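Student: I've got a structure open and I'd like to learn how to read its charges, core and contacts. Can you walk me through it?

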Amino acid sequence: MEKFVSYTDTIVPLDIADIDTDQIIPARFLKSTDKAGFGDNLFRDWRYDKDNNPNPGFNLNNPLYKGTILVAGNNFGCGSSREHAAWALSGYGFKVIVSSYFADIFKGNSLNNGLLPVQVSPEFLKAVFAAVAEDAATPVTVNLEQQTISFGGYSEHFDIDPYKKLCLLNGYDDIDFLVSRLDAISEFEKKNA
């Protein structure tokens, strides 16, 4: 995984509440266990019409919004526990997902795949939607070390599991973390043999 310390980009607003994992990646596309290609079908039923033409009214198809930070309505990632939802968002190019609430399993799947879910207050979420409505080029900065998200004159702290924070800062998955601790593991085994 890539290291994540601080990241600044514009956002793609998706002011819709209760976006479930079937809307993120429809079940008919879950035929692979390889992460490759899932981004092509992200929000497939919203991005394209029945004839596979891009829906010009959907923000991922709007040329104003080309950022890699998705800002979505409350309760993002609810529904089934499919890890493919995180794969699709990452495969599309998103690095950060911002919402006022995430489903727990989706949040865990995202963190396990290097995608940072940033949970903010409803007031902050409303402010960022208003800012991007005024100016689509509004930059947002996510600082994982300081656990802050900011834009314009707004800044807010967000929580993250300390272990997952350590992994993201170092670009570790769970196996990489264990490998990074081999010396300590060997020393423990010697002492307790």
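Tutor: Let's go feature by feature, with the general idea and then the case here.

Tutor: Before we start, this is a predicted model, where local features need pLDDT of at least 70, side-chain atom pairs count only at pLDDT 80 or more, and totals for chains, interfaces and linings use all residues. Residues are numbered from 1 along each chain as its sequence is written, and side-chain values use heavy atoms, with hydrogens and water left out.

Student: Let's begin with charges. How many salt bridges does a search of the whole structure find?

Tutor: The general idea is that side chains of opposite charge can pair when their charged atoms come close. A salt bridge here is a side-chain nitrogen of Lys or Arg within 4 Å of a carboxyl oxygen of Asp or Glu. By that rule, the search of the whole structure gives three. In one of them, the side chains of Lys95 and Glu2 meet at 3.6 Å, N to O. That pair links distant parts of the chain, 93 residues apart: Lys95 is in the loop between helix H3 (84-92) and strand S4 (96-99), and Glu2 is in the segment before strand S1 (6-9). Helices (H or I, at least four residues) and strands (E, at least two) are DSSP runs, numbered from the N terminus.

Student: Which parts does the salt bridge of Asp22 and Arg82 tie together?

Tutor: Their side chains meet at 3.0 Å, N to O. Asp22 lies in helix H1 (residues 21-24) and Arg82 in the loop between strand S3 (69-72) and H3, so the pair ties together parts that are 60 residues apart in sequence. Arg82 counts as buried at 15% relative accessibility, and Asp22 as partly exposed at 36%.

Student: And which residue does Lys164 form a salt bridge with?

Tutor: With Asp174, the closest N and O atoms being 3.7 Å apart. Lys164 sits in helix H6 (residues 162-170) and Asp174 in helix H7 (residues 174-180), ten residues apart. Lys164 is buried at 14% relative accessibility, whereas Asp174 is partly exposed at 38%. Asp174 also has a polar contact of 2.6 Å with the side chain of Tyr163. A polar contact is a pair of N or O atoms within 3.5 Å; within protein, one must be able to donate a hydrogen and the other to accept it, and residues adjacent in sequence count only if both atoms are side-chain atoms. Tyr163 is in helix H6 too, and is partly exposed at 28%.

Student: Now the core. Which residues have the most contacts inside the largest nonpolar core?

Tutor: A nonpolar core is a set of buried Ala, Val, Leu, Ile, Met, Phe, Trp, Tyr and Cys residues joined through side-chain atoms within 4.5 Å. The largest has 52 residues, with Phe43, Phe76, Leu89 and Leu116 having the most contacts inside it. Helix H5 (residues 122-134) gives the largest share of this core, seven residues. Not counting residues up to four places away in sequence, Phe76 touches Phe43 and Leu89, among others.

Student: What do the buried residues of H3 pack against?

Tutor: Against H1, S3, S4 and helix H4 (104-112). Among those buried residues of H3 are His84, Trp87 and Leu89. Just after H3, Gly93 takes a positive phi of about 125°.

Definitions and conventions. Buried < 20%, exposed > 50% of the residue type's maximum accessible area, 1.4 Å probe, protein only. Contact = heavy atoms within 4.5 Å.
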